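Reader: I am new to this structure and would like to learn how to read it. Could you take me through it slowly?

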Amino acid sequence: MTHSVVVFAFDGVRLMDVSAPLEVFTTAGGGYTVCVCTPDGRDVTTSAGLRIGADVAEVRRADTLVVPGAADVDGFLRTVGTVGQVAALAAVSGRVAAVCTGAFALADAGLLNGRRATTHWEHADALARRYPDVAVTPDAIYVQDGPVFTSAGVTAGIDVCLALVEQDRGAEEARRVARDLVVFLQRPGGQSQFSAASRTPPTRHPLVRPLLDAVVADPAADHSLRAMARRAGVSTRHLTRLFREQTGTSPAGFVEGVRLEAARILLEAGAGVTRAAARSGIGSDESLRRTFARHFGVTPSAYAARFRGTAVGEGGYASTLTSSSVITPSTMRNERNWKGPASSLSAVETRT
């Protein structure tokens, strides 16, 4: 049976938010008809300056609607009639998938009310504030809540569309498409591995501010609750209360966040796991592994591998990448690398 996929494109749309879904479904081939719809049936210009032509101006029925994100979210939402058209297209579609900030269009159209959703980590807080009826899951690569799918930034459009192909055609077909595109069928970890794990809260409290600055300046120093309370001249109980009021977290939580950020930066700069653990103040290799697993869903070494350079070595292969960061012919033959989406992973949340 033919399955129709409509990708809604508009002026200022992110190019890859459009091209990634098109690539997945056209690679899946047989059984899918894929077309691009624009607001008035005319060509649109992407945020990258490339023009995209419309296949259709009016859609009477679609099995899957894909709503990409905009480079300028506020400008997109202010465009007269655009959100209304998204709502109208969704009304004649069997299911809807948003890529990146496309979630804002779905939320503005009321399609996410009472549902769980995600978007690019940089915009997750704004989505939650702007639409309080939406349960935002900021770390997920994609979220399914019934017939509505939302996904993280740009390349996550591939992840969510692979999940849709698996839902339609089964895991083997989704694996075949993932192999063709040389991507993970289910990437490990969530969005937090690609975002800044901690930021110094903007408090100016005369007792808390100096402590925050001291932790950021030297994460590996003694920042135990007792030590910080002693420096502030208050009880540990009072300091804990102040931290909660001023930062929204505990002293230990803030220290761990800063140390994790320091370790992440060290790993990205090429430091080994042992050195990153020691210099960040986390301590041992095992402590760093546990902390990374809890926050990022990956090991420190796997994380570091993804941020190494891609310089081509002998024989024309990218010598700095490993099987944990890219699919190779040998890993394709290893079935363990091709497990489908699992709701127990932090990268994916589903609810039917």
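This is a predicted model: local features need pLDDT of at least 70, side-chain atom pairs count only at pLDDT 80 or more; totals for chains, interfaces and linings use all residues.

Reader: How is a pair of aromatic rings described?

Author: A pair of aromatic rings is described by the distance of the centres and the angle of the planes. In this model there are 8 aromatic pairs, and one of them joins Phe292 and Phe296 edge-to-face, with 4.9 Å from centre to centre and 85° between the planes.

Reader: Where do Phe292 and Phe296 lie in helix α13?

Author: Helix α13 spans residues 285–296, and because Phe292 and Phe296 are 4 residues apart in this helix, about one helical turn separates them. Phe292 is buried, at 0% relative accessibility, and Phe296 is buried too, with a relative accessible area of 2%. Phe296 also pairs with Tyr303, and this pair is stacked, with 5.8 Å centre to centre and 20° between the planes.

Reader: Which residues do ring pairs link into a cluster?

Author: Phe8, Phe10 and Phe76 are linked in this way.

Reader: How are two packed helices described?

Author: Two packed helices are described by the angle between their axes and the distance between the axes. Here the axes of helix α8 (residues 208–217) and helix α10 (residues 236–247) come within 11 Å and cross at roughly 85°, so α8 and α10 are roughly perpendicular to each other.

Reader: Which residues of α8 and α10 meet?

Author: From α8 come Val208, Leu211 and Leu212, which meet Leu239, Leu242, Phe243, Gln246 and Thr247 of α10; the residues of this contact divide into 6 nonpolar and 2 polar, with no charged residue.

Key
Residues are numbered from 1 along each chain as its sequence is written. Side-chain values use heavy atoms; hydrogens and water are left out. Rings of Phe, Tyr and Trp (its six-membered ring) pair if their centres lie within 6.5 Å; planes under 30 degrees apart count as stacked, over 60 as edge-to-face and the rest as tilted. Helices (H or I, at least four residues) and strands (E, at least two) are DSSP runs, numbered from the N terminus. Buried means under 20% relative accessible area, exposed over 50%, partly exposed in between (1.4 Å probe, protein chains only). Axes are lines fitted to C-alpha atoms, for helices over the stretch in contact, and angles run from 0 to 180 degrees between N-to-C directions. Angles under 35 degrees count as roughly parallel, over 145 as roughly antiparallel, 65 to 115 as roughly perpendicular and the rest as oblique. Contact means heavy atoms within 4.5 Å. Ala, Val, Leu, Ile, Met, Phe, Trp, Tyr, Cys and Pro count as nonpolar, Asp, Glu, Lys and Arg as charged, and the others, Gly among them, as polar.
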